[in-house]
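Trainee: I would like to learn how to read a model like this one. Where do we begin?

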Amino acid sequence: MTGRTRPTRAETRRRILDAAFAVFGEQGIAATKLTEVAAAAGLTKGAVYSSFASKDELVLALMEEHAAHRLEASLTSFAEADDGGAGLANVAAVLMYEMRADAVWHRLLAEFFAMAHHDDRRRDALRRRRREVRDTIARALNRLAEGLALELPLPAEEFAVVLLALSNGLAVEADIDDEAVPDGLLGRVLTLIAGDAVAKVQAASDLAAQPPPERKSPSSPRKR
């Protein structure tokens, strides 16, 4: 008989993150103990601490992973579109879907922000992680712009802030009153922000795709 295979460090981390999301989402961050997360993951408390130094670090890792997932899904949807306008619509659709499907993420962010408001250590940790997320988004936006020869309507760093603020803010409003945030709202806002830049790229692409005009052969001179 083969011995029982121990999970890898990556597998352990994945189990902890999944369990933490479930427990935090049900009980809230403040009311949850790491022993409860460990039990939900089928691990010891020591295994949790071997991957995350504290509950705060676990929460921040969850938020960072979620932001990275949304970014990857959004940029993939833009790249797969037939044109820039459809790309913006795809990005908005992905963000709206994620926003509605994963409303618990935004509640966790709001709770941790409230917890950090009067705690300098937590606030500094949250600030550092959000800067890392914004930097990742900004780099991705710059790569996308370079690949499409697209001039962003704002510096990438500021555009990253706008994307996060829009998706987080609309998620909060939708969680309070779902009818207040129609599905196409984010798409219309992104079109207002970036529509001109995308339209210019699309126009240039359409022009480049046109066949060159036929050259007429010069007529032979008439004989007298």
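**Reading the model**

Mentor: Begin with the record: UniProt, in an unreviewed entry, places the feature "DNA-binding region" at residues 33-52. UniProt positions follow the numbering used here, feature names are shortened, and annotations may be inferred rather than shown by experiment. This is a predicted model, where local features need pLDDT of at least 70, side-chain atom pairs count only at pLDDT 80 or more, and totals for chains, interfaces and linings use all residues. Residues are numbered from 1 along each chain as its sequence is written, and side-chain values use heavy atoms, with hydrogens and water left out.

Trainee: What is the secondary structure over residues 33-52?

Mentor: Helices (H or I, at least four residues) and strands (E, at least two) are DSSP runs, numbered from the N terminus. Over residues 33-52 the chain is 75% helix and 0% strand. The end C-alpha atoms of that stretch are 13 Å apart. The protein chain comes to 9 helices and 0 strands.

Trainee: How many residues does α1 have, and what span is expected?

Mentor: The expected span of a helix is 1.5 Å times one less than its number of residues. α1 has 19 residues and reaches 26 Å from its first C-alpha to its last, close to the 27 Å expected. Gly28 follows α1, with a positive phi near 95°. For α6, 14 residues should span 20 Å, and its end C-alpha atoms are 20 Å apart, which agrees.

Trainee: Which residues of α1 are buried?

Mentor: Buried means under 20% relative accessible area, exposed over 50%, partly exposed in between (1.4 Å probe, protein chains only). Of the 224 residues of the protein chain, 39% count as buried. In α1 the buried residues are Thr12, Ile16, Leu17, Ala19, Ala20, Val23 and Phe24. An α-helix has 3.6 residues a turn, so residues three or four places apart point the same way. In α6, the buried residues include Trp105, Leu108, Leu109 and Phe112.

Trainee: How many aromatic pairs are there?

Mentor: Rings of Phe, Tyr and Trp (its six-membered ring) pair if their centres lie within 6.5 Å; planes under 30 degrees apart count as stacked, over 60 as edge-to-face and the rest as tilted. The count comes to 1 aromatic pair. Phe21 and Trp105 have ring centres 4.5 Å apart and planes at 20°, so the pair is stacked. The pair links distant parts of the chain, with Phe21 in helix α1 and Trp105 in helix α6, 84 residues apart. Phe21 counts as partly exposed at 26% relative accessibility, whereas Trp105 counts as buried at 12%.

Trainee: What about empty space?

Mentor: Rolling a probe the size of a water molecule over the atoms shows where empty space is left. On a 1 Å grid over the protein atoms alone, a cavity is a set of points where a 1.4 Å probe fits but cannot get out; a pocket is an open set with protein on both sides within 12 Å along at least five of seven lines; lining residues have an atom within 4 Å of a point. Grid points are joined across faces, edges and corners, and a volume is the space filled by probe spheres set on the points.

Trainee: Which residues lie nearest the centre of the largest pocket?

Mentor: They are Arg6, Pro7, Thr12, Arg15 and Leu43, among 14 lining residues. The largest pocket has a volume of about 250 Å³. α1 and α3 (45-51) each give two or more residues to its lining.

Trainee: How many cavities are there?

Mentor: The structure holds 3 cavities of 30 Å³ or more. Of its 10 lining residues, Met63, His66, Leu109, Arg130 and Asn168 are the closest to its centre. α4 gives the most to that lining, with 4 residues.
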